[in-house]
Amino acid sequence: MTMTPFARQLALAAVLSTAAAGAAHAADDVIRHRIPNSTFPISAAVEVPGSFTNVYLSGQVPPLQDATQPKNSAAAYGGDTKGQTVGVLKAIEKSLTGLGLTMGDVVKMQVFLVGDPAKDNKMDFAGFMEGYTQFFGTTAQPNLPSRSAMQVAALANPAYLVEIEVVAVRRAKPEKPEK
């Protein structure tokens, strides 16, 4: 099979890239692939080796933040999409901590956003991102999950604008040798 010079360069680049990725990560590390030529704070893909176990967190909705507000109003749960996102991510962080994990262990996220009445019933993606970037892609927590975000018609409570579910990973404990 004859390869064009461009095809040879492309193949060499792929081999070098794979070798560099392998050298940069131990065989038992989670590998997070950035989106090429982008600073957007998600991973294009995440590779999880067999030495980890998956932890699936059920969808979290905004916690009650202001009990003086009616339970069917967005104000009771953080107000707008940004406020509700921060509340949901804090709840996820607390759940992860209880499991011995951190936000840095999150490898996959699915985000469900309801159209905000204040935004012509369109999802407030910018508001979501303002909340999200407080937890992911920071100096303190640089690990980025792969992520999907979608607008849905409604959530369980008409006051909820945000629901988020995540998958985190835990390094498997080494087996104890038999005596």
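**Close-up views of helices and sheet**

**View 1. Helices H2 and H3 cross in a right-handed manner.** A crossing is right-handed if the near helix is turned clockwise from the far one by less than a right angle, and left-handed if anticlockwise. The contact (heavy atoms within 4.5 Å) involves Thr-81, Lys-82, Thr-85, Val-86 and Leu-89 of H2, with Gly-127, Phe-128, Glu-130, Gly-131 and Tyr-132 on the H3 side. The axes of H2 (residues 81-98) and H3 (residues 125-132) come within 7 Å and cross at roughly 35°. Axes are lines fitted to C-alpha atoms, for helices over the stretch in contact; angles run from 0 to 180 degrees between N-to-C directions. Helices (H or I, at least four residues) and strands (E, at least two) are DSSP runs, numbered from the N terminus.

The model is predicted: local features need pLDDT of at least 70, side-chain atom pairs count only at pLDDT 80 or more, and totals for chains, interfaces and linings use all residues. Residues are numbered from 1 along each chain as its sequence is written, and side-chain values use heavy atoms, with hydrogens and water left out.

**View 2. An open sheet of 4 strands has the order S3-S6-S4-S5 and mixed pairing.** Two strands pair if DSSP finds at least two bridges between them. S3 (52-60) and S5 (146-152) are the edge strands, each pairing on one side only. On average, neighbouring strands are turned by 10° against each other, direction ignored.

**View 3. Strands S4 (residues 106-114) and S5 run parallel, joined by 7 bridges.** Met-109 has Arg-147 in S5 as its bridge partner.

**View 4. H2 packs on the sheet, touching S3, S4 and S6 (162-171).** The direction of H2 makes about 30° with that of S6. H3 lies across S4, S5 and S6, and runs at about 145° to S5.
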